[in-house]
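Subject: Structure handover

Hi,

Here is the structure for you to look over. My notes come after it.

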Amino acid sequence: MLTTSDTTSSRSRSLTSKQLPKATPWVIAVASIVVAAGISFLGLGRFSIAVTAVLAGAINAIAVFAISAAYEGRRKAVDRVATTVVSSAFVLACVPLISLLWLTVSKGGAALDLNLLSRTMLGMKGVLDQQYVAGEAGLAGGFYHAIVGTVLITVAACVISIPIGVLAAIYLVEYAGKNKLGKAITFLVDVMTGIPSIVAGLFAFALFSTIANVLMPEAAGIAKTGFTAAVALSVLMIPIVVRNTEEILRLVPMDLREASYALGVPKWKTIVKIVLPTSVSGILSGVTIAIARVIGETAPIMVTAGFAKNLNWNLFSGWMSTLPTYIYDSQLRPVSPGDAAIASSERAWAAALVLVALVMILNLLARVIAKVLAPKAGR
Amino acid sequence: MSKQIDIKDLNIYYGDFQAVEGVEMQIKPRSVTAFIGPSGCGKSTVLRTLNRMHEVIPGASVRGEVLMDGSDIYGAGVDPVNVRREVGMVFQRANPFPTMSIKENVLAGVRLNNKRLSKAQADELTERALRGANLWNEVKDRLSLPGSGLSGGQQQRLCIARAIAVEPEVLLMDEPCSALDPISTLAIEDLINELKDKYTVVIVTHNMQQAARVSDKTAFFNIAGTGKPGKLIEFNDTSVIFSNPEKEETENYISGRFG
Amino acid sequence: MPTSTQTTATGPAAGAPGPALGPAVQGTRPKAVIRPGDRIFSAATLIAGILILAILAGVALFLLAQSKDTIDAQISDPSAITGGNGFLAYVWPLVIGTLVSSAIALVVATPFALGIALFTTHMAPRRLAPALGYVIDLLAAIPSVVYGLWGIALAGNLTEFYLWLSKWFGWIPIFAPAADGSVSNTGRTLLTASLVLSIMILPIITSLTREIFLQTPRLQEEAALALGATRWEMIRMSVLPFGKSGIASATMLGLGRALGETMAVAMILSPGLLTASLVVSGNQTIASEIAQNFPEAAGLRLSELISIGLVLFVITLLVNMAARAIVAKTSVKGS
């Protein structure tokens, strides 16, 4: 891979070599964009961002290679082209992601207000949306019920999955060793990580419909409750909790366990009083990441909890809405069809903003927990 | 306090592999016994069987007897947890509990064993243990700071304080100075000299000068080759081992001809 | 010495010795006492572990139980199943749609993901790099329903591009226009859904490969640089070979995610019959079929949807197993 002949044998060994000035890549990049814009204008007769971007990227890569190869030699030129291509890929990939965040903030921010946060969709009529679109009234409806549903279902999912997940991770790290059961669990946790979220939802639904069929065959549709949704989310959450906790527990040095055993402390107490406190920050931050992941799930909720329009505090009876299902329902099945559908779409964007903010806050929280609660190391 | 340890025909296995073969030894109370020998000779393994710490490693097992004042620690119905309360241990690397302060570290063994302490008792025990480990004067003003903030040598003495706070009969030390600088090492060696007034001390060391300085008796272990079990070659007064050993192998080792 | 170098946490209960393998031990020594505390605690963790096995078995079992109606119908009267030609005829276009959209998403996303991962680990300014990594992690956490919303809002912009594609590349079946020469005028086609999918899995693959690249042993990188390698040569000599299996598994995880992704496709795609062309309306994926029809489904239709869910489950299971096999084969030996 290293061709040293051109630098060592043909010339006398020297520590300096020709180098392009530092600003060169930037100059070439700007020039490429200008040229690409020019071509786009001449070729299409108008300015197109997409065409310009693609052309500019290609021109830039070729130009960088040509200039660098002529001046600095081939190896350096390949290095520069690789850097250019990778950087361009980064910039290009950022475009849709920034666009997504921007749309969420601008569209959601424009629609979001306290009314939306404090009202439900109960008694919502198409006429209200038509009035809003005609400019005769404010935006009606809201998603207070969806926020409540999100919190209730997520909390229930946590109550189910955190104990199971953490205990199973403890089993894997502290008790299983290399036994068959441990290997089987590790494998199945891997498999569970890959379960499509909608399948998790179908499972929970199938589970509770089967139970409902046995217990009270005459009551149709009783299986769709907030609790069913919580079970579906747990199926998705448990493997994440197990994986994260397992990883963190394995980081706890064996030294500490031995120190504790040598003091005559039983194993279970060593785990509870020494191992878990040492890793609590990592476990909590892993759990928070898991919550952030499942709180945005839509598919498993819609097949297990339906779409509620009203506030429902009871996890065990009746349909419930969460923010994601609310967004989906509003966008695809607007209250008022036709032009006034825009009102539903606006509510959807507002809910999307709230949901994204919630997920971001949870992720930030995970970082803060990991930092603040970590054992103070070193001097 | 302090107990006598009798090791009778001790064989140690890791799975099917025999790590140590046929150790016979009598360790007197209130003395310091040093285990020396080349790497892999099984001296640490033997040390860890004295408080059943080797069981932490999967597949490890033991045949033979280890009598502590006459009662076999491998006898029927013996709980290794109870054995370890009688036999404290200090490790190669200092390992204070990172989530605990200096004081909590010292009290960890007692607290985790469910003993309730009044504040006065706790203070008294902390001071006694830290004084016993020659650490009190250095840390008495910062007992509530994390133990991991101390220097390496201080951390190791903190671990010794933690071990003696549970008031064991025997104190095992597995190369306690190998990660320390010479000054900290000296502090630990001084401490070992004081500890033998109260405890039976067994120390594994790579450093023969250290064995000569601190111990009353020395046991030399050796291994015939890789895959072979380690054996106790010679066990005698330290002065004899280092001046006039009976076996040629011992002579070769302490005079630096191998290992 | 084996005892002092043991660092992994795989010990058996401290109160219980490991499987006694010393020849005479089993005979002469009764098992050591186990404290009640230890027994309760280890039992609790064991139960949690077994519960995971039970859940997974339950997923397969209950889906199968609820699929019974479909299986019965398939045997007694295949024409009762949606489409009128039996279960296979119903499910295979969905399987194709699912596989095609995931494959496109993967092909588009992987090079970009590698680029971003390399950029943030080895090329971006040192001070910027951690922040960029953090942003990627945040993006990986954005709920798919938001991506769906975004995709709907912007799908229309792609119509022009699809027209251009069908004009110049229409001879390739996947870009062929409809009979009257038009393409979807809403832009809500399988290609759009696939592109949104690729953007969705991009942060996931990136954040996984980023972690792998960060784990490249510093010494290997420095060794390459010390030989006089340029940065790109260093990356090719040490970073990429080291990350090979990691990249493979990250890609596979991305594929698994794309296969099971419901919402983005369900929201963006206006579904229809299976067609080869990706720029006109039509096609459908399994997950999206379930999501779009489940709320109104009852009786046999409900059972059908659960059965295709089972099919999806099996497909993702196979992909995940393939991923593990690939990782096992390509992982770097001895590092």
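Below are the conventions, then the findings.

This is a predicted model: local features need pLDDT of at least 70, side-chain atom pairs count only at pLDDT 80 or more, and totals for chains, interfaces and linings use all residues. Residues are numbered from 1 along each chain as its sequence is written, and chains are lettered from A and ligands numbered from 1 in the order in which they are written.

Confidence. The predictor gives the complex an ipTM of 0.86 and a pTM of 0.83. Chain C has a mean pLDDT of 79, with 88% of its residues at 70 or more. Helices here are DSSP runs of H or I, at least four residues, and strands are E runs of at least two, numbered from the N terminus. Residues 1–30 of chain C have pLDDT below 50. Where pLDDT is low, the predicted coordinates should not be read in detail.

Chains A and C. In this pair, 81 residues of chain C are in contact with 83 residues of chain A. Contact means C-beta atoms, placed from the backbone, within 7 Å. On the chain C side, helix α3 (residues 36–66) gives the most, with 20 residues.

V359(A). This residue sits in helix α15 (residues 341–373) of chain A. V359(A) counts as buried because it has 21 C-beta neighbours inside 10 Å. The cut-offs are 20 or more other C-beta atoms within 10 Å for buried, 12 or fewer for exposed, and partly exposed in between. Leaving out residues up to four places away in sequence, V359(A) touches A292(A), I295(A), G296(A), A141(C), I142(C) and P143(C). The C-alpha atoms of V359(A) and A292(A) are 5.2 Å apart, at a separation of 67 residues along the chain.

Chain B. Helix α3 (residues 102–112) and helix α4 (residues 119–132) of chain B pack at about 100 degrees, with axes 10 Å apart. That makes α3(B) roughly perpendicular to α4(B); the range for this label is 65 to 115 degrees.

Two residues to check. R30(B) is not a glycine, yet its phi is positive, near 50 degrees. R30(B) is partly exposed, with 16 other C-beta atoms within 10 Å. D69(B), also not a glycine, has a positive phi of about 50 degrees. D69(B) lies in the loop between β4 (60–68) and β5 (71–72) of chain B.

Best wishes

Conventions
Two residues are in contact if their C-beta atoms, placed from the backbone, lie within 7 Å. pLDDT is the predictor's confidence in each residue, from 0 to 100. Axes are lines fitted to C-alpha atoms, for helices over the stretch in contact, and angles run from 0 to 180 degrees between N-to-C directions. Angles under 35 degrees count as roughly parallel, over 145 as roughly antiparallel, 65 to 115 as roughly perpendicular and the rest as oblique.
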